[in-house]
Amino acid sequence: MNHKLLRPLHSIPYFGWLLLFVIAPILLIVYYSFFDLSGNFTLGNYVNFFTSTYFKLTLSSFWYAFLITFFSLLISYPTAYFLTKTKHKQLWLLLIIIPSWINLLLKTYAFIGLLGLYGPINAFLELTGLEKQQLLFTNFSFVFVSVYIFIPFMILPIFNALDKLNPALIDAARDLGATQWTTFTKVIFPLTMNGVKSGIQVVFIPALSLFMITRLIAGNKVITLGTAIEQQFLVTQNWGMGSTIAVFLILFMFIIMLLTSQKEGAKRNEKN
Amino acid sequence: MKEILRGAALILIISGLLFVVNIQLNKSGSSGTKTSLTVYNWGEYIDPQLLKEFEQETGIKVIYETFDSNEGMMGKVEQGGTAYDIVVPSEYMIEMMKEKDLLLPIDYQQVPNVKHIDPYFLNLPFDPNNEFSLPYFWGTLGIAFNPTLLEGQTFESWDRLWDPSLAQKIVLVDSARETIGMSLNSLDYSLNSTDIQQLRAATEKLKQLKPNVKAIIGDEVTQLMINQEASVALTWSGQAADMMAENENIDYIVPEEGSNLWFDNLVIPRTAANLEGAHAFINFMLDPEIAARNAEYVGYSTPNLTALDYMDETVISDERFYPDEETRDHLEVYRNLGLELLGVYNEYFLEFKMK
């Protein structure tokens, strides 16, 4: 096969794509972030970002993204683990993945009905003798719905990592007298760390910029960087400020990618 | 590898077929009519039956698109990708669009029905002599509430919203001008205030409202009020009318300190391709009988004086939706404050939401 010879030719469309749809837009965003409302060059947008409002916004975005990622991981890891133990694991995996094919907004609207005062969840609470709860428009419901939405994305990489795990290693650990807990903490979890890391990446980064759910489920009681960008572009028409927030968002994402992938490399070296 | 290729080929073939079908459908849809008219309006803001009648009457095919915010609408008109012939912006947006030279003047030779419009709604500051716009609907901003879910609270004054008994009950509009404007009104300031100190005071006062706020959302509020999920909402008169049509417990009031009086207007943007059709459409919508039917369908108040004769007496005598002139004079129309101040309003609003 002459795959090697063809490789440079193959890669032209990819580089073209990257240049047009990844690099050029990012450069444009950086460019716009240096202009004020009347189109003059300014660093004011960056100064403005460090005022209390946007700083608080960034902190709260990170906090909620952390919560969402944490709970997604907490639920997804055991789920993925038990999935690998089931008989028809591909079928079960498919059933878990299917909801992610449904439009995000549709699912969100469904939750408005489910969480409502007269919705099924409250009806169930009443049945069990508990009082009706205001579930919609709370921080809790925001994290809950976001976790629900992100779970498939967290399960998939972890499932793959667990599935590839050589069962002989686990048997060996048992033979050598490790307890179940030790086997998990010393063998299984470290060896599936890569799956966990890519899971964290695909959840944490989009969670930083969630925006429709903040309004529909949290009633704007939770504000994320995504909400702020949307508002700057669509309402205030301050493209400069919107771009500045976007630049910081890209920066944060880049840092997270760097943090999660570097350690991955270090692990690999360790093994070698 | 083979399977992937086969799958890809299958998807390509299916999409190709659908594409051809789509083209065929569009062709057959437009056959027989020579011209078309693209109307860009707010969602749920016209009786669809009237569009069909207009098509039958004039032979012009109407392409109807909707938007959900003035700003989003202007963005699309500015880009000029679609040849919109009729757009329905609010009054402050007309000022902005005039500044950007996005509107075409109306030729009144082609719009004889303008005589039916109540002179009260003509020649307003945002468009002197109605050079570019004609009023389509008007209304107010006020409080919709459901007395059966409340313990006798009433809302003659904006200040009633701050009552501690309303903890976690109020739904606000996710829009800076409306929410900060309400707070400005409650302090007896103008809702077009350009004074930073007044805006600061209004924001601080708004922050104290936070314990009473259940949510800050958009159109979803209509359903929440109908389902009795929410009991108090800051909302526009027509939206309140929608709620009241579905749930008769709901009432609507404009607090006495004053509030916003708004107009949505028919304009012809610079992107227009069918000028004659656009004028014909405006004239058609201003026909008293048509305007009456449209108003009954949409639920907002019509500025068409003659149309009132065709409408239900109980509707037009309802002071909540057709307030008398004295009350109206008490209300304020939004002025375009410029992007700089709009930014300040939104920054303060964000600060309130973050609290």
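**Cores, domains and contacts in a predicted model**

The largest nonpolar core has 92 residues, and those with the most contacts inside it are Ile158(A), Ala207(A), Ala144(B), Val171(B) and Ile180(B). Helix α7 of chain A, residues 139-164, gives the most to this core, with 14 residues. The model described here is predicted.

**Nonpolar cores**

- Ile158(A) touches Ser76(A), Tyr77(A) and Ala80(A), and also Thr192(A), Gly195(A), Val196(A) and Gly199(A), leaving aside residues up to four places away in sequence.
- In soluble globular proteins, nonpolar side chains tend to be buried together.

**Contact between chains A and B**

- Chain A places 21 residues in contact with 22 residues of chain B.
- On the side of chain A that touches chain B, at least two residues come from each of α3 (52-85), α11 (212-216) and α12 (225-234) of chain A.
- That side of chain A consists of 10 nonpolar, nine polar and two charged residues.

**Domains of chain B**

- Chain B is divided into domain 1, covering 32-137 + 263-323, and domain 2, covering 139-261 + 332-353.
- The C-alpha centres of domain 1 and domain 2 of chain B are 27 Å apart.
- Domain 1 of chain B puts 14 residues into the contact between them, and domain 2 of chain B puts in 14 residues.
- On the side of domain 1 of chain B that touches domain 2, helix α4 of chain B (residues 91-99) supplies the largest share, four residues.
- The residues on this side of domain 1 of chain B are nine nonpolar, two polar and three charged.

How values were computed
Residues are numbered from 1 along each chain as its sequence is written. Chains are lettered from A and ligands numbered from 1 in the order in which they are written. This is a predicted model: local features need pLDDT of at least 70, side-chain atom pairs count only at pLDDT 80 or more; totals for chains, interfaces and linings use all residues. Domain bounds come from an automatic or database domain assignment. Two residues are in contact if their C-beta atoms, placed from the backbone, lie within 7 Å. Ala, Val, Leu, Ile, Met, Phe, Trp, Tyr, Cys and Pro count as nonpolar, Asp, Glu, Lys and Arg as charged, and the others, Gly among them, as polar. A nonpolar core is a set of buried Ala, Val, Leu, Ile, Met, Phe, Trp, Tyr and Cys residues joined through C-beta atoms within 7 Å. A residue is buried if 20 or more other C-beta atoms lie within 10 Å of its own, exposed if 12 or fewer, and partly exposed in between; C-beta atoms are placed from the backbone.
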